[in-house]
Amino acid sequence: MESIVIIGAGHSAVEAALTLRKKGWEHDICILSQESALPYQRPQLSKGYIDGSVLEEKLALKQRELYNKNNIEIKLGTKAIKINRSRRIIETSKNENIPYSHLIIATGTRPRPLTISGSHLLDVNYLRSLDDAKKIKSKLAAGRRLLVIGAGYIGLELAASATKLNCKVTVVEAEERVLARVTSEVVSTFYQNLHRAHGVEIKLNTNIQTIHKVSSGFEAIMSDATTIEFDTIVVGIGVLPNTQLAEESGLVCSNGIVVNERAQTSDPLIYAIGDCSNHPNEFYQKQIRLESIPNALEQARVAAANICGSPSSYNSIPWFWSNQYNVKLQTVGLSEGYEEIVVRGTPADNVFCVFYLKDKRLIAMDAINSSADFLKAKTHILNKNTITTAQLTETTKAWFEPV
Ligand SMILES: Cc1cc2nc3c(=O)[nH]c(=O)nc-3n(C[C@H](O)[C@H](O)[C@H](O)COP(=O)(O)OP(=O)(O)OC[C@H]3O[C@@H](n4cnc5c(N)ncnc54)[C@H](O)[C@@H]3O)c2cc1C
């Protein structure tokens, strides 16, 4: 009998289930979620949910009625524990055996754990799920001292949200600048200044060596011999793809579950989508694993279309956004390997763009409070247009107009 099981209930899972219905899939769809809440907007966990501007009841991706109307079964609190490929069944933590004709793995990622001496003495927090966010939120209040380990997007967004709650925030980063893995120095410097202007202490080139309990809370001894006292610690040092089930069932995995352009794994009946998948990107001519909502949604649509018999290939330019204070960053493309960098606008005005060029082509762009430029860049990257530095820097004209 035809039926689809989706393991995981995040952004990609919900999109896949709804697209399957739109494309005419008439058989069973069952989503397995190890979490207890209906699928929710994960990006808000470090933003509006923590700072209180978005209430928990507004986080749901869709209301229960919509799943019912589309005959999509969601089994909450149910973890998939084994993929039995020979019998085509999923074994769950509730001792069920759920059959599938097609399987979609949408298990996302889990936080990379912190391993330092003394960390067993305290409650180390990570921010991935609604339960994590609830726990962190319950510990933040005016005057509380928050220590954030890792200055990636999640760490910095959390720092911004906690600052709005009047917490005293310190961010510690092992690299020499924030967001070092994902952007250029000019954008990193902008964010360092932004956070410092809001009272956040940022310590770069620093690692935690040990943590001690002290009478007023906790104390971290840093690699530069300084100390930081804090009440709550949140670690945001990256994530690991949830590939255990796939690996144990013999699917090919390498920094994620390896899929083709149709989102199919090494077993043609099994698809993997979203953060857990490692997929080919035609534009950049390499396999990549992305951690972003647009990627999760697009891969879900591709998998659903292929299952429904309308051949579809993933061919999207990666993009991402981050909100911190009153600044919206939108990034399109991957800047890795760029040869030239052009800044248009003034960082001090909180409105500027950073263009990354390779072989006279735009390969990526960071837009700070510049949504129209972001959209324009997306088109030029997709079209592989040749572009000159002069076409970007001539400020009396819109960029990329003939100079
Ligand atoms: C705090 C935070 C802020 C973010 N902000 C942004 C942003 O601003 N912009 C952006 O583009 N992206 C952002 N992201 C990243 C974005 O949320 C992810 O890219 C997206 O959620 C990926 O969707 P997914 O469906 O692949 O996985 P997820 O949304 O992670 O969903 C996977 C689900 O599978 C469940 N699961 C795992 N294993 C099992 C199992 N064995 N059985 C049952 N269930 C299982 C997990 O519990 C989880 O609910 C943010 C992420 C976080 C954590």
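## Where the ligand lies

The ligand lies between two domains, because domain 1 (3–43 + 60–110 + 240–307) and domain 2 (113–235) both give residues to the shell around it. The model described here is predicted.

The shell around the ligand holds 33 residues, and those that come nearest are Ser12, Glu35, Lys47, Arg128 and Asp275. Sorted by type, the shell residues are 14 nonpolar, 12 polar and 7 charged.

## Polar contacts and cover

Lysine 47 has a polar side-chain atom 2.6 Å from an oxygen atom of the ligand. Lysine 47 is also among the residues that come nearest to the ligand. For glutamine 34, the distance from a polar side-chain atom to an oxygen atom of the ligand is 3.0 Å. Histidine 11 uses its backbone instead: one of its polar backbone atoms is 3.4 Å from an oxygen atom of the ligand.

How much of the ligand does the protein bury? The ligand taken alone exposes 990 Å², and the protein buries 96% of that area.

Some helices and strands give two or more residues to the shell, namely α1 (11–22), α8 (293–307) and β22 (319–324). Of the elements, α8 gives the most, with 3 residues.

One partner of β14 is strand β13 (residues 208–214), which runs antiparallel to it and is joined to it by 6 bridges. Within this pair, isoleucine 211 has alanine 220 of β14 as its bridge partner. The two strands form a hairpin, with 2 residues between them.

The other partner described here is strand β15 (residues 227–230), which pairs with β14 over 4 bridges, again in the antiparallel sense. Phenylalanine 218 stands opposite phenylalanine 230 in β15. β14 and β15 also form a hairpin, with 4 residues between them. Which residue in this turn has a positive phi? It is alanine 225, with a phi of about 75°.

## Summary

Strand β14 forms one hairpin with β13 and another with β15.

Key
Residues are numbered from 1 along each chain as its sequence is written. This is a predicted model: local features need pLDDT of at least 70, side-chain atom pairs count only at pLDDT 80 or more; totals for chains, interfaces and linings use all residues. Side-chain values use heavy atoms; hydrogens and water are left out. A residue is near a molecule or strand if one of its heavy atoms lies within 4 Å of it. A polar contact is a pair of N or O atoms within 3.5 Å; within protein, one must be able to donate a hydrogen and the other to accept it, and residues adjacent in sequence count only if both atoms are side-chain atoms. Accessible areas come from the Shrake-Rupley method with a 1.4 Å probe; for residues, only the protein chains shown count as cover. Ala, Val, Leu, Ile, Met, Phe, Trp, Tyr, Cys and Pro count as nonpolar, Asp, Glu, Lys and Arg as charged, and the others, Gly among them, as polar. Domain bounds come from an automatic or database domain assignment. Two strands pair if DSSP finds at least two bridges between them.
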